[in-house]
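Okay, thanks for coming, everyone.

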Amino acid sequence: KNMKGGSVTTLVFCVAVLFVVFPEGGLASNNGLGLTPPMGWSTWCTESYEFFLPCMTDYCSEKEILSVAESMIANNLTGLGYNHIILDDCWAGYRDAQGNVHPQADRFPNGMKSLIDQLHRLGFKFGLYTDVGMKTCKGGRPGSWPYYAQDAKTYADWGVDYVKMDWCSHPYPLTAQQLYTNMSHALNSSHRQIFFALCEWGLYEPWTWAPNISNSWRIGPDHFATWWTPPLGQTPGQGQGTGNIIENLAGKSKFASKGAWNDPDFLMTGITIGGLTQNEFKTEFSFWALTNSPLIVASDVRDLSNKQVLLNKEVIDVNQDSLGIAGDRRYNGSNGGQIWSKEMSGGRWSVIMYNANWLEFVSLTVVWQEHCVGWPRGVKQAKVRDLWEKKDLGVFNHEFSQTIYEGHAVVMIMVTPVQ
């Protein structure tokens, strides 16, 4: 017991030294990546069913990855910008005697570099998962502790473009900020630019410190494919449904900027076992887009029959807008109606009118000067386009009104001043 305690103390000392000696410029936020939020697909829920429940046992293999990649190209998802393929907690097999991590051999018979090379040739960027501790969350696979620098070099040698780092089995007494800063330095000290995604579940308000060391940070617990849950164990006080997460996004736009994004977790588009409807998938996608959140889909994109919302280029363009301003809530009515907006390039504003109620309808009025932050003074008229109906609604003076009859539904519009 004492020997084990001594070993941990030695490791903590070594990492603490690394915090001191790394140069200030070695931060992931300085890596030039993520100038728009990443888009793509994750393995998290695709072939991960247990007792007919999705996302229960994360699974991936070389065969699955290549199959999904081919479908994404054939279905023009890549043409819309979905160019990341990200392995979650499903790939790591073991560490060898030298401490090098290896993929699970039966799932990746040709090794990780071979697979990544194939995906790069197809035009994809490749991401994978690791953990701050010795073991990963779902599969108990090798985490990165205390091999941060060694793993970063391995990932760079393989050609990895994106790393997600989870928060299970974190080594005490180091803080989240210390551990993730260490990995940020390690990645930027490798010979490759690698997007760094923090995943400490929003426990320690990462939006206040993670912009300096990462390209994205989770603002809360895992997203469940349902509308609402009570607060559960992963992040005390926060629910894990889509509606819960939308509420959690409010007020956080000021922490986001080009290369540094709030991350509400994966899109669950098309997973209906938790009761989500097509209108709720539309609402989910609208909010992820307006808040400049990563558009990473966790469901099986080889079948898009119930995932058509992912293909709306006008909504994708809101997310990928070059101005890089994240949207936020501008009005939260006592009747359940909400208005969210973001300023966009070309002197435009994207606006969501949202009925947060379960059953009651709401009537909302968007007032240009009040709800479109930065609206040009003195301009009264604006053209309005419905982004989901994909049609121009006309020119309106001062404001635009709409009644939303279905609960959890949105109207998403583009508002352009008429000078």
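So, two helices to begin with: the axes of α4 and helix α5 (residues 176-189) come within 8 Å and cross at roughly 40°. The angle makes α4 oblique to α5, because angles under 35 degrees count as roughly parallel, over 145 as roughly antiparallel, 65 to 115 as roughly perpendicular and the rest as oblique. The axes are lines fitted to C-alpha atoms, for helices over the stretch in contact, and angles run from 0 to 180 degrees between N-to-C directions. As for hand, α4 passes α5 in a right-handed crossing, meaning the near helix is turned clockwise from the far one by less than a right angle. On the α4 side the contact (heavy atoms within 4.5 Å) is made by Tyr148, Ala149, Ala152 and Tyr155. From α5 come Leu179, Asn182, Met183, Ala186 and Leu187.

Quick housekeeping. This is a predicted model: local features need pLDDT of at least 70, side-chain atom pairs count only at pLDDT 80 or more, and totals for chains, interfaces and linings use all residues. Residues are numbered from 1 along each chain as its sequence is written, and side-chain values use heavy atoms, with hydrogens and water left out. Helices (H or I, at least four residues) and strands (E, at least two) are DSSP runs, numbered from the N terminus.

The peptide bond from tryptophan 145 to proline 146 is cis, omega near -5°, and proline 146 sits in the loop between β5 and α4. There's another cis bond joining tyrosine 172 and proline 173, with omega about 10°; proline 173 is in the loop between β6 (162-166) and α5. That loop between β6 and α5 also holds serine 169, which isn't a glycine but has a positive phi of about 50°.

Is serine 169 buried, exposed or partly exposed? Partly exposed, because its relative accessible area is 42%; buried means under 20%, exposed over 50%, partly exposed in between, with a 1.4 Å probe and protein chains only. Asparagine 292 also has a positive phi, about 55°, without being a glycine, but asparagine 292 is buried, at 0%. You'll find asparagine 292 in the loop between α7 (278-290) and β10 (295-297).

Next, the interior. A nonpolar core here is a set of buried Ala, Val, Leu, Ile, Met, Phe, Trp, Tyr and Cys residues joined through side-chain atoms within 4.5 Å. The largest one has 100 residues, and Tyr82, Leu87, Trp91, Tyr155 and Tyr180 have the most contacts inside it. A second, separate core of 19 residues includes Trp349, Met353, Val379 and Val415.

Helix α3 (residues 111-121) has Gly111, Met112, Leu115, Ile116 and Leu119 buried. These pack against α2 (62-74), β2 (84-87), β4 (101-103), β5 (125-131) and α4 (148-158). After α3 comes glycine 123, with a positive phi near 95°.

Last stop: asparagine 355, in strand β13 (residues 348-355). Asparagine 355 counts as buried because its relative accessibility is 0%.
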